[in-house]
Amino acid sequence: MDTSVTIVGYLLTVIIVIPLFYSWRSGCVNVAKIKSIKNKYIRNYHFKFALTEALNKKVRGKN
């Protein structure tokens, strides 16, 4: 009885943790891409972004 409950608990934990991990990882990748794009424009075109928004893989910055 205790073994089956433990196995089910582990399975439910894995089912919940895997999608959260992939969501977190993709969010970190998007943030890194946004930072690299911002740094490129800051260096090359001397823009200074006071505010940036990201929505559906599109970034908007405001001076």
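User: Which helix is Ile16 in?
Analyst: Ile16 sits in helix H1, which covers residues 2-45. Keep in mind that this is a predicted model.

User: Is Ile16 buried or exposed?
Analyst: Exposed: the relative accessible area of Ile16 is 53%, and the cut-off for exposed is over 50%.

User: Which residues make the nonpolar surface patch?
Analyst: Ile16 is one of them; the others are Val8, Leu12, Ile15, Val17 and Leu20. The patch comes to about 580 Å².

User: Which elements give two or more residues to its lining?
Analyst: Helix H1, strand S1 (51-55) and strand S2 (58-62) do. H1 has the largest share, with 4 residues.

User: And which residues line the largest pocket?
Analyst: The lining consists of Asn30, Lys33, Ile34, Ile37, Ala54, Leu55, Asn56, Lys57, Lys58 and Val59.

User: How many of the lining residues are nonpolar, polar and charged?
Analyst: There are 5 nonpolar, 2 polar and 3 charged residues in the lining.

User: Take Asn30. Where is it?
Analyst: Asn30 is in helix H1, and Asn30 is among the residues lining the largest pocket.

User: What separates the C-alpha atoms of Asn30 and Lys57?
Analyst: A distance of 7.8 Å, with the two residues 27 apart along the chain. Both Asn30 and Lys57 belong to the pocket lining.

How values were computed. Residues are numbered from 1 along each chain as its sequence is written. This is a predicted model: local features need pLDDT of at least 70, side-chain atom pairs count only at pLDDT 80 or more; totals for chains, interfaces and linings use all residues. Side-chain values use heavy atoms; hydrogens and water are left out. Patches are made of residues with over 30% relative accessible area and no salt bridge: like charges are joined within 9 Å, nonpolar side chains (Val, Leu, Ile, Met, Phe, Trp, Tyr) within 5 Å. Accessible areas come from the Shrake-Rupley method with a 1.4 Å probe; for residues, only the protein chains shown count as cover. A salt bridge is a side-chain nitrogen of Lys or Arg within 4 Å of a carboxyl oxygen of Asp or Glu. Buried means under 20% relative accessible area, exposed over 50%, partly exposed in between (1.4 Å probe, protein chains only). On a 1 Å grid over the protein atoms alone, a cavity is a set of points where a 1.4 Å probe fits but cannot get out, and a pocket is an open set with protein on both sides within 12 Å along at least five of seven lines; lining residues have an atom within 4 Å of a point. Ala, Val, Leu, Ile, Met, Phe, Trp, Tyr, Cys and Pro count as nonpolar, Asp, Glu, Lys and Arg as charged, and the others, Gly among them, as polar.
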